[in-house]
Amino acid sequence: LFTATLLPMPTSVAGYFEALATCSPCVGQFNHPPRPTDFHGYRYVATGADAMRMMELSGGAPFADRWASYLQALDNGWLLSPSHNEDNHLRTWGDSSNATGVWAADLSRRSIRRAVRARRTFATTDETASIRMLADSTCWMGSVLSGLGTTELTVVARDRQDGDGFARLEQ
């Protein structure tokens, strides 16, 4: 669904974000945290803020380390939605149930790109599961909310496969 855009090889983390910021079709993602790099502790770099939209929760590190990296990036000021995939370099590619869900109006490139840029994604280890969250029945997950008082969150978790489901949802 996406076309790869090759950026010049940056010589620093700041250079990477500068290159990403000048590429209008590009959408950035931190891949398989925290290895091989954690981008200097996921230090927030304002230049890259508009382009960086996701953090992949796949990779070789234990899940607890990947989750801690995601939370660290959020705590540092990045506005990121989660993604998940197989990240497999073996002959068994395509056999994983890891998936990135995207809430898009339709399956066009434009719609998918808009949804990713709006951070309307979720990560799952079950390709038939989905989760959707809205604030005050209007603001989709990924929205930046500020100056609100009491906010009602609506969470809908589903699984299309018979016998699957959710034992609990945690805040």
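Q: Why is Cys-23 called buried?
A: The relative accessibility of Cys-23 is 10%. Buried means under 20% relative accessible area, exposed over 50%, and partly exposed in between, with a 1.4 Å probe and protein chains only. Cys-23 therefore counts as buried. This is a predicted model, in which local features need pLDDT of at least 70, side-chain atom pairs count only at pLDDT 80 or more, and totals for chains, interfaces and linings use all residues. Residues are numbered from 1 along each chain as its sequence is written, and side-chain values use heavy atoms, leaving out hydrogens and water.

Q: Is Cys-26 buried or exposed?
A: Cys-26 has 9% relative accessibility, so it counts as buried.

Q: What makes Cys-139 partly exposed?
A: Its relative accessible area is 26%, so Cys-139 falls in the partly exposed class.

Q: How do you know that Cys-23 and Cys-26 form a disulfide?
A: Their sulfur atoms are 1.9 Å apart, and a disulfide is a pair of cysteine sulfur atoms within 2.5 Å. The structure holds one disulfide.

Q: Why is the disulfide of Cys-23 and Cys-26 called right-handed?
A: The torsion about its S-S bond is about 60 degrees, so the disulfide is right-handed.

Q: Which residues have the most contacts inside the largest nonpolar core?
A: They are Phe-17, Phe-30, Met-52, Met-55, Trp-78 and Leu-80, in a core of 17 residues. A nonpolar core is a set of buried Ala, Val, Leu, Ile, Met, Phe, Trp, Tyr and Cys residues joined through side-chain atoms within 4.5 Å.
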